[in-house]
Amino acid sequence: MDPIEQSKRLAAYQAVDNHVLPEHRVIGIGSGSTVPYVVERIVQQGVEVNKGRVFIPTGFQSKQLIVDAGLGLGDVDQYPTIDVTLDGADEVDHALNCIKGGGACHLREKVLAEAASTFILVADHRKNVQYLGTNFTQGVPIEVVPFAYAKVLQNLHHILGSPRATLRMAVKKAGPVVSDNGNFIIDAPFDRAHMIDPYVIMAQIKMLTGVVEVGLFCKMAKAAYFGNADGSVTIRRKDGRTEQIAPEDTATATS
């Protein structure tokens with residue numbers, strides 16, 4: 001397996017083993033490249049454990065993963081209280097604030113994160129940074145109603161300090177990326193001064209008329225799991241503690 005994929009699997013397996021417990025009946029499944037390994041490990045818990053469980057997806061990708069795995073599919077309007085949500089991240093800082101929305105799913109991702117009693121991040125070591133914007137340089141994803149995108153861009157450029165904010169354009173389609181909710185996505189890079197305390201800029205962006213959701217998740221995660229290149233897993237917790245699990249002790253050692 002590719003080393004980065006192995007790192008993602010390490011983080012996902014360890015997070016599932018630690019946080020998806022037999023008594024959990026409603027489980028949120030996030031989006032991104034790490035999430036298939038989350039679902040894979042949940043399936044390995046066995047048919048009996050998963051019988052009667054309901055899995056809530058954050059978007060089309062996670063919905064298909066749930067369906068393809070033969071797990072029970074539900075929606076957040078049926079189950080507004082979730083036991084645990086596991087999700088990937090584009091970047092996670094020292095205080096467990098994170099950037100999400102590289103896949104344009106951050107509105108539903110944030111709903112499921114807020115609905116969960118426990119919100120857990122899983123990622124590979126490249127996403128583990130001191131300050132947001134270190135490696136994920138394309139900017140903070142912002143979901144905006146199409147009618148308002150030009151005005152929101154103007155506000156970002158001239159008022160909030162993101163002169164390089166741009167409308168995200170599709171790669172194999174003419175025109176902009178459209179979210180599952182029918183909205184546009186703006187990517188707004190900010191400098192280090194803004195990212196030292198991302199909660200402030202998140203609140204300022206959210207106040208702009210036309211903004212639906214901001215891909216900054218602040219003060220939400222209880223822990224973040226990072227798979228490392230050497231086969232170890234780093235766990236960073238909300239209270240500031242950091243734990244290192246040696247390669248021989250990671251969840252994949254018993255898989």
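This is a predicted model: local features need pLDDT of at least 70, side-chain atom pairs count only at pLDDT 80 or more; totals for chains, interfaces and linings use all residues.
The chain contains eight helices and 14 strands. Its C-alpha atoms fill a box of roughly 55 × 35 × 35 Å along the principal axes. The radius of gyration is 18 Å. A compact globule of 255 residues would have a value near 18 Å, so the chain agrees with that expectation. Of the 255 residues, 53% count as buried. Among contacts with a separation of 6 or more, 71% link residues 24 or more positions apart. The accessible surface comes to about 11400 Å². Carbon and sulfur atoms account for 54% of that surface.

The largest nonpolar core has 27 residues. Those with the most contacts inside this core are Ile 29, Val 38, Ile 42, Leu 86 and Tyr 225. Two helices, α1 (3-19) and α2, each supply at least two core residues. So do the strands β1 (26-29), β3 (82-87), β6 (116-124), β12 (223-227) and β13 (233-237). Helix α1 gives the largest share, six residues.

Several elements can be followed in the earlier part of the chain. Strands β1 and β2 run parallel and are joined by four bridges. Within this pair, Val 26 stands opposite Val 54 of β2. Strand β2 (residues 54-57) is covered on both faces. Val 54 and Ile 56 are buried on one side, and Phe 55 and Pro 57 are buried on the other. Helix α2 spans residues 35-44. Its buried residues include Val 38 and Ile 42, both listed among the residues with the most contacts in the largest core. Val 35, Tyr 37, Val 39 and Arg 41 are also buried in α2. Gly 46 follows the helix and has a positive phi, near 110°.

An open sheet of four strands has the order β8-β9-β7-β10. The pairing is antiparallel. Strands β8 (166-167) and β10 (211-214) stand at the edges. Each has a single partner strand, so one side of each is left without a neighbour in the sheet. Helix α5 (residues 106-115) packs on this sheet and touches β7, β9 and β10. The direction of α5 makes about 65° with that of β10. Helix α8 (residues 198-206) lies across β7 and β10. Its direction is at about 165° to β10. Inside the sheet, five bridges join β7 (residues 140-144) to β9 (residues 184-188). Val 140 of this pair stands opposite Ala 188 in β9.

The loop between β8 and β9 holds Pro 176. This proline has a relative accessible area of 17%. Residues under 20% count as buried, so Pro 176 is buried. Leaving aside residues up to four places away in sequence, Pro 176 touches Leu 167, Arg 168, Met 169, Ala 170 and Phe 184. Pro 176 and Ile 186 are ten residues apart in sequence. Their C-alpha atoms are 9.5 Å apart in space.

Conventions
Residues are numbered from 1 along each chain as its sequence is written. Side-chain values use heavy atoms; hydrogens and water are left out. Two strands pair if DSSP finds at least two bridges between them. Contact means heavy atoms within 4.5 Å. Axes are lines fitted to C-alpha atoms, for helices over the stretch in contact, and angles run from 0 to 180 degrees between N-to-C directions. Buried means under 20% relative accessible area, exposed over 50%, partly exposed in between (1.4 Å probe, protein chains only). A nonpolar core is a set of buried Ala, Val, Leu, Ile, Met, Phe, Trp, Tyr and Cys residues joined through side-chain atoms within 4.5 Å. The radius of gyration is taken over C-alpha atoms; the globule rule is 2.2 Å times the number of residues to the power 0.38. Accessible areas come from the Shrake-Rupley method with a 1.4 Å probe; for residues, only the protein chains shown count as cover.
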